[in-house]
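Hi,

Here is the structure I promised to pass on. Have a look at it first, and my notes on what I found follow below.

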Amino acid sequence: MTGLLILLLFLVAGNLLQSQLDSPVPGSIIGMLLLLVFLIIRGRAPESLSQISKTLSPLLPLFIIPVSVGIVTQKELLAENGVALLVIMAVSIIPGAIVCAAVMKAGRKRDAE
Amino acid sequence: MLNELLHMPLFWAMLTIAAFTVGQYVYRLLGNTAFLPPILTGIILVSVVLEVTGISFDTYMEGGQYLHLMLGPVVVMLAVPLYQFIHVMKKEWLRISLAITLGSGTTVAVAVAMAHFWIGNDPITITMSTKSVTTPVAVTVSEQLGGVGALASAFVIITGVFGALMIPPLLKSVKLDDPKAMGLTLGVCAHAIGTSRAIELGNQQAAYSAMAMTLTATLHAVLLPLVM
């Protein structure tokens, strides 16, 4: 339970900071960065946190289903632009993938020399 | 009686869990294929039930919100794998950071530009910018930016399926398919669904993909609200 408490503590802190600073970065992301800093300073992840992480990770997709089902409210938009959207998503992967893999490989070649 | 059941919030929470469980079963039945992740089956099943029964999304969400509520803690939880990857990254942090920043930047820039000039609908363009970020983060960031959470989720999942399908043969054809580059690219361009594909390819691919996915999500979650 301590693990969940830690997560909620940082989430609440993140949300509070977000509204206080009027930040465009979402509160949960601020909470995540705060927790990351905490872990770096502490030097290792508390056992309770690793535990809750193991428990919740497989359930992650389940928590996304409700908001995703909202797609039923976007039927007109999809009927109108569905094909264009699919093409955009397929095409835009190609340059990104090549750039990413090329940079990763280029760097390594230099190292080997 | 049926009407009463269909307006019971707990029924919809239960149905969502049932749909996800069926999704997991189908996924295993098909040999863990990256092309039908459990979340996709879950979304389709729940959407079909809503269509058939004529129940509105708002009514559904009265039950769905119980599960939706967990999204916040789960995003905070991403700090744990991120922290573990910092050790892996130490040796090659510059190469990895560059590959992730330039790679994810390129795919997002191309997608946003195409959406802007082809469709020209601002909420769609904004939502498109979160397509390479893992779903919980994409939904959160997209809603913050004035995009549509439900669309963000759909874009991310479809991008993931396409990426898992296209990236391995694509990188092989241009001879950039060494394990680290393959893993990293799958994580950057196809996030969690790419990572499940990477797991099939090997341990090194899997580790690099999971790391790339978490780093991309963090980078975009911080940068997109400032840029868009």
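Let's start with the second largest pocket: helix 10 of chain B provides the largest share of its lining, seven residues. Some housekeeping before the rest: this is a predicted model, where local features need pLDDT of at least 70, side-chain atom pairs count only at pLDDT 80 or more, and totals for chains, interfaces and linings use all residues. Residues are numbered from 1 along each chain as its sequence is written, chains are lettered from A and ligands numbered from 1 in the order in which they are written, and side-chain values use heavy atoms, with hydrogens and water left out.

Back to that pocket. A pocket here is an open set of points on a 1 Å grid over the protein atoms alone where a 1.4 Å probe fits, with protein on both sides within 12 Å along at least five of seven lines, and lining residues have an atom within 4 Å of a point. Helices are DSSP runs of H or I with at least four residues, strands are runs of E with at least two, and both are numbered from the N terminus. The second largest pocket holds about 260 Å³ of space, the volume being what is filled by probe spheres set on the points, which are joined across faces, edges and corners. It has 17 lining residues, and Ile71(A), Leu78(A), Leu40(B), Ala154(B) and Ile158(B) lie nearest its centre. Helix 5 (75–112) of chain A, plus helix 3 and helix 10 (149–173) of chain B, each supply at least two lining residues. By class, the lining has 14 nonpolar, three polar and no charged residues (Ala, Val, Leu, Ile, Met, Phe, Trp, Tyr, Cys and Pro are nonpolar, Asp, Glu, Lys and Arg charged, and the others, Gly among them, polar).

The largest pocket has a volume of about 950 Å³. Of its 34 lining residues, Ser57(A), Pro61(A), Ala192(B), Ser196(B) and Met213(B) are the closest to the centre. Helix 11 of chain B gives the most here, with seven residues. The lining splits into 21 nonpolar, 11 polar and two charged residues.

One residue of helix 11 of chain B is Thr195(B). It counts as buried because its relative accessibility is 9% (buried is under 20% relative accessible area, exposed over 50%, partly exposed in between, with a 1.4 Å probe and protein chains only). Beyond its neighbours within four places in sequence, Thr195(B) is in contact (heavy atoms within 4.5 Å) with Gly187(B), Ala206(B), Ser209(B), Ala210(B) and Met213(B).

Thr53(B), in helix 3 of chain B, is partly exposed at 31%.

As for chain B as a whole, it has 12 helices and zero strands. Its radius of gyration (over C-alpha atoms) is 18 Å, close to the 17 Å that the globule rule (2.2 Å times the number of residues to the power 0.38) gives for 228 residues, so chain B is as compact as a globular protein of that length. Of those 228 residues, 57% count as buried.

Cheers
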